[in-house]
Amino acid sequence: MEALAEELRRGIGMICVNYYYQKDEEILLKAKVLGERIRRFCSSFLEGNIYGMEDEEYRNLERYVIQVLEDYLDALEQWDPVSMVDTLDYGLRELVNIYIDKEEDCRGEEDDG
């Protein structure tokens, strides 16, 4: 799962940087390419409480994952690049960072805290 998280981290980073700095309007097409990997990654969180979390914590995680997936699908359905960037940068990235030690935000800056 770490390798998939790293792939998604890189993909999210490229999409967001291109959107923020180069005003790339094709981010929806690029985000759609990540769709199968996003599905596989997110489904791993929904296969049961493999993390040994408290029940309430795990239910919150499940709700969060489902919301991220719904937001991703809504952004594609509405063909809304702003919603997609928000979903990738502030939704999916939070899940990816569970597996990534080194956090890097969408603008390419490292988070020291």
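Predicted model: local features only at pLDDT ≥ 70, side-chain atom pairs only at ≥ 80, totals over all residues.
# Helix packing and burial, by question

Student: Which residues of helix 3 and helix 4 meet?

Tutor: From helix 3 come Gly35, Ile38, Cys42 and Phe45. Helix 4 brings Tyr58, Leu61, Val65, Leu69 and Tyr72. By class, eight residues of this contact are nonpolar, one is polar and none is charged.

Student: What makes helix 4 and helix 5 roughly antiparallel?

Tutor: Again, set the angle against the cut-off. The axes of helix 4 and helix 5 cross at roughly 155 degrees. The cut-off is 145, and angles over it count as roughly antiparallel. Helix 4 and helix 5 are therefore roughly antiparallel. Their axes come within 9 Å, and the crossing is left-handed.

Student: What classes of residue make up the contact of helix 4 with helix 5?

Tutor: First, the residues. Those in helix 4 include Leu61, Val65 and Tyr72. Among those in helix 5 are Met84, Tyr90 and Leu95. The contact divides into 11 nonpolar, three polar and two charged residues.

Student: Where does Arg93 lie, and how do you know whether Arg93 is buried or exposed?

Tutor: Arg93 lies in helix 5 (residues 81-96). Its relative accessibility is 6%. Buried means under 20%. So Arg93 counts as buried. The side chains of Arg93 and Asp89 are joined by a polar contact of 2.9 Å.

Student: Why is that pair called a polar contact?

Tutor: The cut-off for a pair of N or O atoms is 3.5 Å. The Arg93 and Asp89 side chains make their contact at 2.9 Å.

Student: What makes Asn18 buried?

Tutor: Asn18 has a relative accessible area of 16%. The limit for buried is under 20%, so Asn18 is buried. Asn18 sits in helix 1 (residues 2-22). Leaving aside neighbours within four places in sequence, Asn18 is in contact with Lys23, Asp24 and Lys30.

Student: How do you know that Leu34 is buried?

Tutor: The relative accessibility of Leu34 is 6%. That puts Leu34 in the buried class, whose limit is under 20%. Leu34 belongs to the loop between helix 2 (27-33) and helix 3. Neighbours within four places aside, Leu34 is in contact with Leu8, Gly11, Ile12, Ile15 and Tyr72. Leu34 and Gly11 are 23 residues apart in sequence and 7.5 Å apart in space, C-alpha to C-alpha.

Student: Why is Trp79 called partly exposed?

Tutor: Trp79 has 44% relative accessibility. Buried is under 20%, exposed over 50%, and partly exposed lies in between. So Trp79 counts as partly exposed. Trp79 is found in the loop between helix 4 (55-78) and helix 5.

Student: What is the phi of Trp79?

Tutor: Phi of Trp79 is near 50 degrees, a positive value in a residue other than glycine. Most residues other than glycine have a negative phi.

Student: How many helices and strands does the protein chain have?

Tutor: Five helices and zero strands. From the N terminus on, the elements run α-α-α-α-α. Of the chain's 113 residues, 39% count as buried.

How values were computed:
Residues numbered from 1 in each chain as written. Heavy atoms only, no water. Helix = DSSP H or I, 4+ residues; strand = E, 2+ residues; numbered from the N terminus. Buried < 20%, exposed > 50% of the residue type's maximum accessible area, 1.4 Å probe, protein only. Polar contact = N/O pair within 3.5 Å; in protein donor to acceptor, adjacent residues only side chain to side chain. Contact = heavy atoms within 4.5 Å. Nonpolar A, V, L, I, M, F, W, Y, C, P; charged D, E, K, R; others polar. Axes fitted to C-alpha atoms, helices over the stretch in contact; angles between N-to-C directions. Parallel < 35°, antiparallel > 145°, perpendicular 65-115°, else oblique. Left-handed = near helix turned anticlockwise from the far one by under 90°.
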